[in-house]
Structures are given as structure tokens and as C-alpha cells.
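The following note sets out points for a colleague who is examining this model. Each numbered paragraph takes up one topic and may be read beside the coordinates.

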Amino acid sequence: QNEPKDIPGNYEIEKRRTQLKSLWNQIQFQNQAGNVKMVSFGKGKIILSSDVAKALEYLKIEREKLTDTGLKFVRRQFDGGKYYYIVNHTSTEINQNIPLNFMGKQVALMNPENGEFGVGTMQNNSVRIQLKSGESLILKASENQDHSVPKWNYTEKSDTPIVLNEPWQLSFKEGGPELPKTRTLKKPEPWTNFTEDSSTQSFSGTGVYTTTLNLKKKNADDYLLKFDKLYESAKVMVNGQEAGIVWSIPFEINIGKYLKKGKNTIQIEVCNLMANRMRDMDQKKIQWRNYHEINFVNIDYKAFDASNWKVQPSGLDGEIQLIPIHYSK
């Protein structure tokens with residue numbers, strides 16, 4: 001960004017200052033556009049500019065402008081193109097064209113969560129993406145076109161959500177130390193809410209929420225099952241078929257291809273964490289740690305003890321919605 005002011009250190013200081021001045025005077029910079037000076041030197045070039053961005057622009061080394069949207073990315077080169085892994089860590093939904101330094105002739109979009117893929121819409125060195133907060137995409141920008149890849153499904157609009165307000169049955173599939181009893185719920189709520197059953201406070205495992213849905217008509221391109229709150233991960237089953245796993249925001253999953261007109265059975269198998277089980281075992285002085293070569297301590301370097309932990313919510317909470325969505329044609 002500027003010429004060196006002085007040599008480092010004090011060894012032979014005057015001799016090395018003279019050397020530095022002599023070397024610097026040998027470099028004959030030529031003025032370029034935009035306050036940039038350049039000289040060819042050895043096998044490369046030396047660029048002198050107080051504005052690093054302008055110097056990189058002069059060398060045609062451009063930053064990825066997609067970060068202006070708040071998106072984050074990792075880029076990797078392959079033979080014939082580049083991969084971009086893009087994630088939306090902002091609090092807002094991204095639905096726009098984003099620029100890429102390398103576009104190639106085709107940009108394929110791939111959803112790492114459900115395996116869906118398709119060719120994206122390209123325009124002026126940019127590609128259209130739709131990413132809700134917490135979602136990610138893999139983009140494959142290729143120098144060659146693959147006409148066997150279908151077009152990517154962009155959501156054009158969504159209809160009024162259908163709230164799954166039929167009674168829910170909550171049963172327990174596996175886990176311990178014992179399975180809580182089965183019960184019928186007016187609406188989904190965490191099994192840790194039922195304090196009258198002490199086993200719900202210590203249970204770690206899988207609880208199954210089951211309900212039925214009467215779909216009067218099936219005229220949307222797809223249907224999105226959306227959770228309000230989930231503690232902590234869920235496997236979704238629709239009419240006996242596994243639709244996928246939900247484990248991160250925005251806590252939703254496409255289930256349209258498993259639905260049918262009329263009666264549908266929806267099962268949500270929720271797994272919680274081990275915290276409540278650990279709390280219970282420490283309260284009952286049950287030995288569960290298998291660490292014999294190290295000290296197992298907490299953040300304050302005191303003996304680890306979960307007996308005073310609060311019971312962590314486990315299961316589903318709030319509304320479960322089914323959202324009809326329509327793709328652009």
C-alpha cells in the first residue's frame with residue numbers, strides 16, 4: 001500500500017538502510033489508471049496503491065459481490081468449473097439474482113438437505129436463488145451444459161396455510177430410562193410439559209406425534225410442512241413413507257409427493273438430547289461417565305454435575321402448518 005518506511009531491527013542499521021534505499025530506487029514504477037503504479041519484476045509484478053481494492057481490480061482479481069447481500073460462501077474449483085457453497089445466516093429471506101465471479105454456461109442448484117437439484121435462471125452474470133434464513137445451497141457453475149438436468153423449481157407464491165388442528169396422539173418409541181405413557185393432545189406440545197408423569201422429565205429418546213389430515217383438494221405444486229418449535233430433531237412420515245429429517249431452521253420440509261386427496265396420516269418422530277437423562281442420572285448418583293484417563297469438569301474446572309440443570313423442553317411446540325406452494329412455470 002506504500003513504500004517501506006524503514007528496515008526491521010537494529011542489526012547493521014545504516015548499512016541495511018542504504019541497501020533498502022538502493023533496492024527501492026531500482027524499481028521504476030509506471031503510473032496506471034486510478035492511482036495505481038505497476039512494474040514488472042522478475043517473474044511477476046509489483047503493484048503500488050493506497051487503495052487495495054483498486055489495485056486488485058486493475059489486476060482483474062475481483063471480490064465476490066454476492067457477499068453484499070449478507071450471504072456467506074465457500075468456493076472450490078473442479079475440472080470444468082467451480083462449486084459455490086452458499087449459506088444464509090442473515091435474519092431475512094434472500095430471493096434475488098446474485099452475481100458470481102464465474103458463471104460458465106450453466107449454473108446448477110443443489111439442495112444439500114433433501115437432494116433436490118436443477119438448472120438455475122441466469123441473467124447478466126448472476127443467478128436467481130431463494131434462501132430462507134438458515135438455509136444453504138450448493139451451486140455448480142460449469143463451462144459445459146448438461147441438457148438432461150431439469151429446471152430448478154422456484155417458489156412463485158404460497159396459499160393460505162392449513163393448520164393441523166386435529167387431535168394428536170403422543171406415544172414413545174424408544175429411549176429411557178422408561179417410556180412415558182401415551183396420551184392424546186389437543187395440539188402439539190413438549191412432553192416435558194406433563195410434569196405429573198415423572199418419566200417425562202428424565203426421558204431421552206424418541207416421541208412420536210401422530211395426527212390425520214383431510215386434504216379436500218390437492219392442487220398445489222408442492223406442500224411445505226412447517227414447525228413452529230422443535231426440540232431437537234424430527235423424522236417425518238407421511239402415509240407410512242419417510243419424507244425426510246428436520247433438524248435446523250427454518251424447521252420445514254416438502255411433503256407434497258407423499259400426500260393424497262382425502263385422509264392422510266402424518267407422524268413426526270422427535271428425538272431430544274441427553275441433557276434430561278444426564279440430569280436424572282446425576283440426581284440418582286448413577287455412574288454413567290466412562291472417562292478414566294482425564295478429568296471430566298465443567299467450565300469452571302469443577303467436577304461435572306448435571307443434577308442442578310433445568311429440565312430442557314423436548315418434542316414439538318406451537319402450530320404445525322401445511323403450506324401449499326406454487327412454482328414458477
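**Notes on the predicted model**

1. F251 counts as buried, because its relative accessibility is 17% and the limit for a buried residue is under 20%. The model is a predicted one. F251 sits in the loop between β18 and β19, and its phi is positive, near 50°, although the residue is not a glycine. Most residues other than glycine have a negative phi, and most peptide bonds are trans.

2. The peptide bond from Y231 to E232 is cis, with omega near 10°; E232 belongs to the loop between β16 and β17. N125, which is not a glycine, has a positive phi of about 60° and is found in the loop between β8 (117-119) and β9 (126-131). N125 counts as exposed because its relative accessibility is 56%.

3. The largest nonpolar core comprises 32 residues, and those with the most contacts inside it are Y209, L225, F227, V236, I255, I268 and L322. At least two residues of this core come from each of β13 (168-176), β15 (204-215), β16 (222-231), β17 (233-238), β18 (241-246), β20 (262-271) and β21 (315-327). The strand that gives the most is β16, with 4 residues. In soluble globular proteins, nonpolar side chains tend to be buried together.

4. What does V236 touch, leaving aside residues up to four places away in sequence? Its contacts are L225, F227, Q241, E242, A243, G244, V246, I253, I255 and Q267. Among these, L225, F227 and I255 are also listed with V236 as having the most contacts inside the largest core. A second, separate core has 18 residues, including L66, I94, I98 and L100.

5. V52, L56, Y58, L59 and I61 make a nonpolar surface patch of about 380 Å². L56 is part of helix α2 (residues 52-58), and it counts as partly exposed because its relative accessibility is 34%.

6. Strand β10 (residues 136-142) is mostly covered, with 5 of its 7 residues buried. It is joined to β5 (residues 81-87) by 7 bridges, and the two strands run antiparallel. In this pairing Y84 stands opposite L139 of β10. Strand β7 (residues 106-110) also runs antiparallel to β10, through 5 bridges; here Q106 has S142 as its bridge partner.

7. Helix α4 (residues 275-283) is likewise mostly covered, as 7 of its 9 residues are buried. After α4 comes K285, with a positive phi near 60°.

8. The whole structure contains 13 salt bridges. In one of them, D6 meets R17 at 2.8 Å, N to O. D6 lies in the segment before α1 (13-26) and R17 in helix α1, so the pair ties together parts that are 11 residues apart in sequence. Both ends count as partly exposed, because the relative accessibility is 39% for D6 and 33% for R17. D6, E14 and R17 are linked in a network of salt bridges.

9. The bridge links distant parts of the chain, with K226 in strand β16 and E252 in strand β19, 26 residues apart. E252 counts as buried because its relative accessibility is 12%, whereas K226 is partly exposed at 26%.

10. R63 and D68 form another salt bridge, their closest N and O atoms being 3.1 Å apart. R63 is partly exposed, with a relative accessible area of 47%, while D68 counts as exposed at 54%. Side chains of opposite charge can pair when their charged atoms come close.

Key:
Residues numbered from 1 in each chain as written. Predicted model: local features only at pLDDT ≥ 70, side-chain atom pairs only at ≥ 80, totals over all residues. Heavy atoms only, no water. Core = buried A, V, L, I, M, F, W, Y, C linked by side-chain atoms within 4.5 Å. Buried < 20%, exposed > 50% of the residue type's maximum accessible area, 1.4 Å probe, protein only. Contact = heavy atoms within 4.5 Å. Patch = residues over 30% accessible without salt bridge, like charges linked within 9 Å, V, L, I, M, F, W, Y side chains within 5 Å. Areas by Shrake-Rupley, 256 points an atom, 1.4 Å probe, with all protein chains shown as cover. Salt bridge = Lys/Arg side-chain N within 4 Å of Asp/Glu carboxyl O. Pairing = 2+ DSSP bridges.
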